[in-house]
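The entries follow the order in which I looked things up.

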Amino acid sequence: LADDWHAKRIELLRDAFPKGRRLGVLLDRNWANYEDFAGLIGKPAETFGYLATPFLADTPAEARAVLQGANARLMDAWYIPPNYIAYLAEREIIEQLQHMNVPAMHATEQEVANGALMAFAQDASFASEAMADLTLRILRGEDAGAIPVQRAKKFVLAVRPRDNLGAPQIHPA
């Protein structure tokens, strides 16, 4: 269930809000230390006309402080990729982005249900059945290395209307 849909999320954000140029990206330090920000997010953002700037936070208080900072107010849009701080400080992030009134792309339907503007998520409903099938195949003697990797085949675009009235709109992508 590796989530590497950064470029697609950034593209969707650009399609929905074509005027922005400065993209803030909220990350925890662990993600920033072990992942290639420039390759995974920076270059795709550049492809879609954004200059991506990472903002680092490891606690809900840090996330709130970062999003309330002067540099954060310079951003035209935000991308909240799936990383530890996105889940740990979900409420604080959503509240602050709503207060800032800037477009933001998230990675889960739950974030939209909790007030985020939009998200593009992979449908992981296949995972349990796939794991059971994989386990059975291995127990029957099949070489695990010969079994093809299964990836999500369905995706969901969840959008909350700008006026926050009613439930978010969920669309299979």
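I count a contact when heavy atoms lie within 4.5 Å. The model I examined is predicted.

Entry on Asn-83. I located Asn-83 in the loop between β3 and α5 (84-88). Leaving aside residues up to four places away in sequence, I found that Asn-83 touches Leu-26, Leu-27, Asp-28 and Trp-31.

Entry on α3. I looked up which residues of helix α3 (residues 37-47) are buried, and recorded Phe-37, Ile-41, Gly-42, Pro-44 and Ala-45. I listed the elements that cover these buried residues; they include α1 (6-16), β1 (22-27), α2 (29-34), β2 (51-56) and β3 (77-79). After α3 comes Gly-49, for which I noted a positive phi, near 90 degrees.

Entry on the cores. I recorded 18 residues in the largest nonpolar core, where Leu-23, Val-25 and Ile-41 have the most contacts inside it. At least two residues of this core come from each of α1, β1, α3, β3 and β5 (118-122). I noted a second, separate core of 17 residues, with Ala-57, Trp-78, Ile-93 and Ala-104 among them.

Entry on Val-25. With residues up to four places away in sequence not counted, I found that Val-25 touches Phe-37, Ile-41, Ala-52, Thr-53, Pro-54, Phe-55, Trp-78, Tyr-79 and Pro-81.

Notes: Residues are numbered from 1 along each chain as its sequence is written. This is a predicted model: local features need pLDDT of at least 70, side-chain atom pairs count only at pLDDT 80 or more; totals for chains, interfaces and linings use all residues. Side-chain values use heavy atoms; hydrogens and water are left out. Buried means under 20% relative accessible area, exposed over 50%, partly exposed in between (1.4 Å probe, protein chains only). Helices (H or I, at least four residues) and strands (E, at least two) are DSSP runs, numbered from the N terminus. A nonpolar core is a set of buried Ala, Val, Leu, Ile, Met, Phe, Trp, Tyr and Cys residues joined through side-chain atoms within 4.5 Å.
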